[in-house]
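Please keep the viewer open beside the text as you read.

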Amino acid sequence: MKSQEPDPNYFSSSSSSLVSSTKWWSKETIAIVTGANKGIGFALVKRLAELGLTVILTARDVERGQRAVESLSEKGLPVNFFQLDVSDPSSIEAFVSWFKSNFAALDILVNNAGVSFNDIYKNTVEHAETVIRTNFYGAKLLTESLLPLFRRSPSKSRILNISSRLGTLSKVRNPNIKSILEDEELSEEQIERFVGLFLQSVKDGTWKSQGWPEIWTDYAVSKLALNAYTMVLAKRYEGEGISVNSYCPGFTQTSMTQGQGSHTADEAAGVGARLLLLHPQQLPTAKFYIGLDPFVKSNL
Ligand code: NDP
């Protein structure tokens with residue numbers, strides 16, 4: 001089998017209700033992955049390219065991005081490339097403008113780019129602003145800028161936010177802070193208020209005593225905000241041809257974990273790709289998938 005051809009065994013996993021007999025995508029299906037020069041993002045680009053989609057690999061650093069593209073090209077997997085720093089609004093603007101002039105429509109967006117400045121067993125908030133700007137605001141601004149370009153039909157467009165189980169509400173110990181995100185009518189303004197309160201508590205030096213998540217605090221807050229945004233967006237586009245979900249790949253061996261983890265980036269991306277490519281009739285919205293068994297999923 002040539003590497004660009006869809007893998008016929010792709011949907012043959014018997015244990016899963018992800019099983020589908022209909023391949024709905026083609027070379028005309030366009031997917032964007034952020035932060036894709038390495039780690040899970042790179043593995044996702046590779047998998048989607050293997051399955052025959054047209055993929056746009058983006059990276060904040062041109063050289064690292066181009067090296068990643070070359071390594072795929074050597075495997076017979078040509079992908080497109082454009083520089084994209086999600087924490088920089090002008091970079092997002094340039095990317096969206098390039099995308100508009102080169103592609104008719106968008107089918108899939110994977111908000112994968114992310115940072116953490118913590119070692120595994122450390123918890124510093126020294127870089128809290130960068131973490132929030134990249135992991136939450138970056139994904140949000142890019143999504144908002146691309147929303148008008150989604151094809152929406154007939155296959156349903158999809159957004160997958162690569163998140164973390166550290167960003168679940170159970171990690172927030174302060175009931176007043178938690179209640180902001182528990183509101184049934186949750187809005188983007190409330191999410192931004194939540195994030196603003198955190199950044200203020202970092203500035204005041206009070207974050208430790210205020211009941212924020214205890215592990216990788218700034219990262220957890222960024223993913224809490226991303227998960228909440230997933231829900232708000234999913235609700236906004238319910239019945240409008242865009243499905244929005246989050247996926248925590250579990251403890252994965254990448255630079256972010258200094259190579260530690262229970263599985264490889266390829267394994268995490270394999271599951272991510274299956275979730276992304278669910279048949280339109282099986283595709284949920286507003287779900288948070290956790291770990292390598294995509295059926296262990298929960299509403300946020
Ligand atoms: P890596 O550190 O290997 O990859 C992160 C990627 O994001 C890199 O390509 C990095 O680029 C890129 N990136 C960072 N900042 C920006 C930015 N401002 N603009 C564009 N790209 C940026 O980590 P992972 O592959 O593990 O992480 C991928 C996603 O998975 C993240 O969202 C992470 O939070 C999430 N995740 C990871 C887990 C794990 O155990 N590994 C667990 C749960 C979630 P560069 O090379 O230039 O730094």
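## R152 and its loop

R152 is partly exposed, at a relative accessible area of 29%; here buried means under 20% relative accessible area, exposed over 50%, and partly exposed in between, with a 1.4 Å probe and protein chains only. R152 belongs to the loop between α4 and β5, where helices (H or I, at least four residues) and strands (E, at least two) are DSSP runs numbered from the N terminus. The phi angle of R152 is near 75°, a positive value in a residue other than glycine.

This is a predicted model, in which local features need pLDDT of at least 70, side-chain atom pairs count only at pLDDT 80 or more, and totals for chains, interfaces and linings use all residues. Residues are numbered from 1 along each chain as its sequence is written, and side-chain values use heavy atoms, with hydrogens and water left out.

The peptide bond from S153 to P154 is cis, with omega near 0°. Most residues other than glycine have a negative phi, and most peptide bonds are trans.

Q258 is another residue to look at: its phi is near 50°, a positive value in a residue other than glycine. You will find Q258 in the loop between β7 (252–253) and β8 (263–264). With 43% relative accessibility, Q258 counts as partly exposed.

## The ligand site

Which residues are closest to the ligand? They are N37, R60, N112, Y219 and T254, out of 28 residues that surround the ligand, each having a heavy atom within 4 Å of it. By type, the shell divides into 10 nonpolar, 13 polar and five charged residues. In this scheme Ala, Val, Leu, Ile, Met, Phe, Trp, Tyr, Cys and Pro count as nonpolar, Asp, Glu, Lys and Arg as charged, and the others, Gly among them, as polar. Helices α1 (39–50) and α7 (217–236) each supply at least two residues of this shell.

A backbone N or O atom of N112 is 2.7 Å from a ligand oxygen, and a polar side-chain atom of R64 is 2.8 Å from one. For G250, a backbone N or O atom lies 3.2 Å from an oxygen atom of the ligand. The protein covers 95% of the 900 Å² of accessible area that the ligand has on its own, by the Shrake-Rupley method with a 1.4 Å probe.

## Inside and outside

Is D107 buried or exposed? D107 is buried, with a relative accessible area of 3%. The loop between α3 (89–102) and β4 (108–111) contains D107, and a polar atom of the D107 side chain lies 2.8 Å from the backbone nitrogen of I30.

Two helix residues can be set side by side. N135, in helix α4 (residues 128–146), is buried at a relative accessible area of 2%. K203, in helix α6 (residues 188–204), is exposed at 61%. K203 and A128 are 75 residues apart along the chain, and their C-alpha atoms are separated by 9.7 Å.

Technical notes. Polar contact = N/O pair within 3.5 Å; in protein donor to acceptor, adjacent residues only side chain to side chain.
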